[in-house]
Amino acid sequence: MHGDKHLMNSQPARQNRQSGLAPEILEVPTTPYPDQRPGTSGLRRKTRTFMQPRYLENFIQAVFDVVREESGDNLAQETLVVGGDGRYYNRTAIQRILRMAAANGFGRILVARDGLLSTPAMSAVIRTHGAAGGLILSASHNPGGADADFGVKFNGRNGGPASERVTDQIHQHASGIRCYKTVEFPDIDLGGEGETFLCGTWIRVIDPLADYTALLETLFDFDALRRYFHQGGSLRFDAMHGVTGPYARHIFEQRLDAPHGTVIRGEPREDFGGLHPDPNLVHARELVDRMNTDDGPDLGAACDGDGDRNMILGRGLFVSPGDSLAVIAEHARDCIPAFRDGLTGVARSMPTSTAVDRVAAAVGVPCFETPTGWKFFGDLLDAGLCRLCGEESFGTGSDHVREKDGIWAVLCWLSILAETRKPVTAIMHEYWRRFGRSYYQRHDFEKLDADAAQALLADLTAALPKLPGTPLADSRVALADDFRYRDPVTNFVTEHGGLRILLEDGSRIVCRLSGTGTSGATLRLYLERYRDDRGRGDLNRVLAPLREAALELLQLRERCGRESADVVT
Ligand code: VG1
Ligand code: CO
């Protein structure tokens, strides 16, 4: 089952083979760190936390212990994939992980050239090569640097983020850890493809673009998209100095012949150029300004650090992520070859706007509502219950992988533009005319005192049972609860998915604490109000009564000293 080309590309490998001496496997004693419980998306901490002695190693060993158990104690049969988003500490962490994976006895390791592998590409590589799983080194849209953020995500055999059952096991192992395994060998050269044999493990450096691009070519009509650009169609893609730069240049500029310069901020940088690699109206300012000019491109798009999020812009128009999901669902069958046979179902996270629900009803397929985090879509996708998923946090994806996929979402929109020959604004107005509009905003209150935020949510939870029937924001409360999810495939129950207050007119106030932050607590307040008004309303004005009501309910001003949100998306 080992690699096809047994290419020797490193000194130590050659020496080891010749002398026949295997380097000694070291068992390094360690003590647990109490905080190694993965959150919404992997273990995300300050970089300096990860730089503490044994911090990274403890967590990685806990992951390997879980994979070993799951593989029936036979790691020699298994393949592990390793890559990251290029942020500070990526390369150091990768070399340590390679040593530990070899010491733990994996049969084969696939590591991305230059250590750069996007989250959706990781999912594709795991699935293509039948790997047991993969480690993605990324804190996603959070900033990079020694004084910024770092993270480790573990994806399993289906290519998706580890389920809650698995992350619980990892946490258990990390909490009782006594030693980790490693072996000493010089750094593996990640500069070019090749294969090295070290203490029983094949370490292969792979082209991070190959499997992923090949997969996308089966989903979209690349010839039609090339014609779109040849006929003057235009795109501006902001890679935000994250991992998608090389992917976007390869796919849009080389494969699809989009003009050189289509991709901006395309070089991955350790500090993302000093900004947050977060594709929203604040952090992708340059792109937004360009889209607001009269001669701006047809489509504007940006991805986050690890390439799983996407923002979609038309000329002078921001497409809210919930609307983007709904529009992709609306045009799936007619414009996107992968969906020619239709959607079996769609899914969205609970706080995501209900826009896609109405499209699903019109198409005649079910819409599933899951807790926040892509890991909850995995079982639904594996079981074929849905083919399209999305989150309000700029995440969209399908059953081609088990992650949200930024470049895939851009290709969906390009396909819609190429097929309909209409601009983004027309597509949106037609969609609102047909389905009405979910006016939607997320307000983030960052760096709150963690105890104060917890207490505030606990008090609101206690008050929920009294709310139904009371007047609120021009309407009346229909239902108020803490979202509880039973996975329809596994029956696994997840509690505390977020507090939701549903009004009789279909409006919603949702509130939860972030599970990806690295300092203090971040409170997310989600507001949604439906209007069948052809989308003509002013977003802020439509949402104002709901916003006031929510702030009064939460008492953020009184209890946390906050008048308004730090970020509104
Ligand atoms: C946030 C988003 C969630 C997303 C998660 C990971 O989680 O709300 O929708 O899945 O980030 O995205 P939280 O718990 O902070 O709200 V990524 O692109 O960071 O891997
Ligand atoms: Co991300």
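Predicted model: local features only at pLDDT ≥ 70, side-chain atom pairs only at ≥ 80, totals over all residues.
How many nonpolar, polar and charged residues make up the shell around ligand 1? By class, that shell has no nonpolar residues, while 10 of its residues are polar and 11 are charged.

## The ligand and its surroundings

Ligand 1 is located in the largest cavity. It is surrounded by 21 residues, of which T40, S140, S393, T516 and R524 are the closest.

| Residue | Atom of the side chain | Atom of ligand 1 | Distance |
|---|---|---|---|
| S41 | polar atom | oxygen | 3.2 Å |
| E391 | N or O atom | oxygen | 2.7 Å |
| T516 | N or O atom | oxygen | 2.5 Å |

Strand 25 covers residues 508–513. Because five of its six residues are buried, strand 25 is largely enclosed by the rest of the structure.

With strand 24, residues 499–503, the pairing is antiparallel and runs over four bridges. I501 is found opposite I509 of strand 25. The two strands form a hairpin in which four residues lie between them. G506, in the turn of that hairpin, has a positive phi of about 90 degrees.

With strand 26, residues 521–531, strand 25 is joined by six bridges, and these two strands also run antiparallel. Here C511 has L525 in strand 26 as its bridge partner.

Strand 21 comprises residues 475–482 and pairs with strand 20, residues 471–472, over two bridges in the antiparallel sense. The bridge partner of P471 is R476 in strand 21. Which residue in the turn between strand 20 and strand 21 has a positive phi? That residue is A473, with a phi of about 40 degrees, in a hairpin that has two residues between its strands.

In these paired elements, one rule applies to the arrangement of side chains. In a regular strand, side chains alternate between the two faces of the sheet.

Q441 belongs to strand 19, residues 437–448. Is Q441 buried or exposed? With a relative accessible area of 6%, Q441 is buried, because the limit for a buried residue is under 20%. Its side chain makes a polar contact with the side chain of N540 at 3.2 Å.

G156 is found in the loop that lies between strand 6 (149–155) and helix 6 (164–175). G156 is likewise buried, its relative accessible area being 14%. Its C-alpha atom is separated by 9.1 Å from that of L135, a residue 21 positions away along the chain.

C367 is part of strand 16, residues 367–370. A relative accessible area of 28% makes C367 partly exposed, since this class lies between under 20% for buried and over 50% for exposed. C367 and L388 are 21 residues apart in sequence, and their C-alpha atoms are 9.7 Å apart in space.

Definitions and conventions. Residues numbered from 1 in each chain as written. Chains lettered and ligands numbered in written order. Heavy atoms only, no water. Near = heavy atom within 4 Å. Polar contact = N/O pair within 3.5 Å; in protein donor to acceptor, adjacent residues only side chain to side chain. 1 Å grid on protein atoms, 1.4 Å probe; cavity = no way out; pocket = protein on both sides within 12 Å on 5 of 7 lines; lining within 4 Å. Sits in = over half its atoms within 2 Å of the grid points. Nonpolar A, V, L, I, M, F, W, Y, C, P; charged D, E, K, R; others polar. Buried < 20%, exposed > 50% of the residue type's maximum accessible area, 1.4 Å probe, protein only. Pairing = 2+ DSSP bridges.
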